[in-house]
Amino acid sequence: MTSPDASNPFPLILPESLVLGQLSAALGSFIKAAAWEVGELFDAVLAPAFGTDWLSEYFGGVYKPNLHDPDFVFNWHQPDSILWQALPPYSADLKNRFGNARRTRNRWEHEAAKQNVHSFFNGVDQIRRLADPLTLEVAGYGPALLERAKLLHKAGGVLPPSESELELQRQKEQAEEARREAEEAVKMANEAAAAADQLGAKAAEASKAKEQAVQQLAQVQADLEMLERELALAGRTSRQALTEPADDLEPGEPWGDLPLGIRTLTLKANMVDLMDRTTQTLLSQQMGSVASEAAARWLEIIPSGGLVHLTPAGHAAGQVDGVYRYLGRLDLVQEPSD
Amino acid sequence: MPAVKIGPLTLHTNAIGWSEASARGFGQSEAAGTEYPAVVTGPFGLEIDIKIFMSAAGDGMVHCPDLSGVPADYGRLAHGARLGVYTLESGDWAIKQLRLLRFSPSKGWGNPTRTTLEELDQLLGGSTVELFSSLGMDDVGSRTDVLGAKGEDLAVRWPSTADPELPLACYALTRVLPIYEALS
């Protein structure tokens with residue numbers, strides 16, 4: 001992906017989930033960044049040709065438009081507009097692409113609540129279809145947004161584990177398989193030793209094989225525990241790299257108007273654990289003691305447990321007497337401030 | 001212990017271990033003992049909290065003690081339909097009557113009655129013996145074969161040192177799964 005001009009004030013925002021606010025912010029970053037760049041392009045060509053006041057002179061009325069305003073930039077520019085001097089040769093197709101970018105912008109500006117994942121894909125595509133022929137620096141936003149949204153879609157709407165977490169998870173699965181094999185080897189060695197005892201023959205040999213199998217199992221078990229620790233650490237690192245408004249909250253405080261995390265968990269009072277409602281797995285199985293320790297802390301705020309919303313950074317909110325309260329962060333033990 | 005697949009359901013336990021508890025036994029009297037919690041999950045977000053409780057006297061049960069941990073459709077589970085677990089003279093643990101809940105969705109009710117391994121295999125969509133064996137079972141079969149007792153009911157026996165998943169899985173198979181299937 002081409003890096004956009006450093007002066008462009010709208011860096012790409014990649015959605016963390018498929019909730020509307022995230023999609024709106026993500027597509028908004030593409031729309032605003034593209035409008036900014038086209039505005040700059042207009043000025044770079046038209047100011048030398050028509051003077052620095054060209055915008056007021058040619059487009060001013062009661063109000064002077066803003067050079068970088070998507071409302072000005074994305075429009076069905078007529079064939080005789082001076083703006084075409086800064087653009088590729090006029091064509092009805094390119095004019096329509098400007099018009100479609102305008103429609104997209106209007107939809108997400110004025111009818112945002114009606115939008116969805118489908119219109120997000122369409123919207124990204126419409127802006128990309130304009131950014132490509134203009135060879136904008138920000139054209140790379142399009143593929144990056146589509147790739148992220150597809151990833152989220154596949155993962156059930158929430159950001160899946162990072163590559164490093166996935167690699168560790170794969171290693172963990174292999175280690176678990178090795179543990180199963182080692183356990184089987186111990187079982188077989190035990191049976192062989194028992195049979196040898198009965199026959200009174202080759203008992204020493206069978207006993208040695210059993211010892212080796214037990215040692216192998218211990219090694220595999222140690223490897224597995226190390227991988228589980230690394231996996232928990234990788235997950236924590238990727239979550240803690242994110243900053244969110246909830247960073248400023250303290251456990252027990254009202255959650256307020258902050259957006260609730262899309263990942264939902266059941267805080268299980270009986271098991272002192274957290275059940276991921278999407279994947280239906282216990283977090284203690286994925287993350288080890290981190291999850292049960294978090295569950296124990298959160299149960300002090302919601303003793304009966306229940307539904308908990310988790311943000312990508314690991315901040316949790318749950319209802320207490322009908323009010324959402326901040327429970328804490330999955331990976332962090334927060335000391336109450338004075 | 002990793003999650004245990006029981007047909008479309010999954011039994012989850014964690015490392016919380018046995019803890020002291022009390023429960024109403026079969027005689028409705030309060031008994032002291034220890035318990036181990038678990039959760040059964042299934043399609044469409046199904047989550048059912050269950051427990052195995054073993055009284056200090058040696059008898060126990062797998063049950064759904066809390067109505068709030070059971071979806072409304074599965075309310076039957078919070079009103080009896082418990083699965084008895086007994087300590088044998090040998091020290092092993094056993095289910096002396098592994099019966100299958102016959103659930104009527106229209107009545108929202110049903111009771112456990114005698115079943116067979118073939119019927120359980122069909123419900124499970126696989127081998128019940130293999131499932132139980134993987135969880136530490138010593139023996140499953142008729143009461144006569146397993147316990148030397150009278151009666152045609154199925155019985156299951158396993159060492160008391162085994163993890164708690166076997167009796168919990170028996171409950172998921174013979175109590176939760178038939179309701180799930182009936183509602184499907």
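## Chain B at a glance

Chain B holds four helices and twelve strands. The model is predicted. Of the 184 residues in chain B, 43% are buried. Among the contacts in chain B with a separation of 6 or more, 52% join residues 24 or more positions apart.

## Strand β12 of chain B

How many residues of strand β12 of chain B are buried? Five of the five are, so this strand, residues 154–158, is largely enclosed by the rest of the structure. Both of its faces are covered. B:Leu154, B:Val156 and B:Trp158 lie on one side. B:Ala155 and B:Arg157 lie on the other.

β12(B) has strand partners. Strand β8 of chain B, residues 93–98, pairs with β12(B) in the antiparallel sense over four bridges. Here B:Ile95 has B:Val156 as its bridge partner. Strand β11 of chain B, residues 139–142, also runs antiparallel to β12(B), and four bridges join them. B:Ala155 in β12(B) stands opposite B:Gly141.

## Nonpolar cores

In soluble globular proteins, nonpolar side chains tend to be buried together. The largest nonpolar core in this model has 77 residues. Those with the most contacts inside it are B:Ile48, B:Val156, B:Leu168, B:Ala169, B:Cys170, B:Ala172 and B:Val176. Which helix gives the most to this core? Helix α4 of chain B, residues 165–183, does, with eleven residues.

B:Ala169 shows what such a position touches. Leaving aside residues up to four places away in sequence, B:Ala169 touches B:Val4, B:Ile6, B:Leu11, B:Leu131 and B:Leu135. A second, separate core has 29 residues, including A:Leu18, A:Leu27, A:Val38 and A:Leu130.

## Helix α6 of chain A

Helix α6 of chain A covers residues 141–154. At 1.5 Å a residue, its 14 residues should span 20 Å. The end C-alpha atoms are 20 Å apart, which agrees.

Which residues of α6(A) are buried? They are A:Tyr141, A:Gly142, A:Leu145, A:Arg148, A:Ala149 and A:Leu152. These residues cover an arc of only 140° around the axis, so they sit on the same side of α6(A). An α-helix has 3.6 residues a turn, so residues three or four places apart point the same way. On the other side of α6(A), A:Pro143, A:Glu147, A:Lys150 and A:Lys154 are exposed. The cover over the buried residues of α6(A) includes α1 (20–50) and α5 (117–131) of chain A.

## A:Glu293

A:Glu293 sits in helix α10 of chain A, residues 289–299. Why does A:Glu293 count as partly exposed? A:Glu293 has 16 other C-beta atoms within 10 Å, and a residue is buried at 20 or more and exposed at 12 or fewer. The C-alpha atoms of A:Glu293 and A:Val272 are separated by 8.1 Å. These two residues are 21 residues apart along the chain.

## Where the chains meet

The contact takes 13 residues from chain A and 13 residues from chain B. On the chain A side, β1 (263–268), β2 (273–276) and β3 (281–282) each supply at least two residues. What is the make-up of the side of chain A that touches chain B? Four of its residues are nonpolar, six are polar and three are charged.

How values were computed
Residues numbered from 1 in each chain as written. Chains lettered and ligands numbered in written order. Predicted model: local features only at pLDDT ≥ 70, side-chain atom pairs only at ≥ 80, totals over all residues. Contact = placed C-beta atoms within 7 Å. Nonpolar A, V, L, I, M, F, W, Y, C, P; charged D, E, K, R; others polar. Core = buried A, V, L, I, M, F, W, Y, C linked by C-beta atoms within 7 Å. Expected span 1.5 Å × (residues − 1). Arc of directions from axis to C-beta. Pairing = 2+ DSSP bridges.
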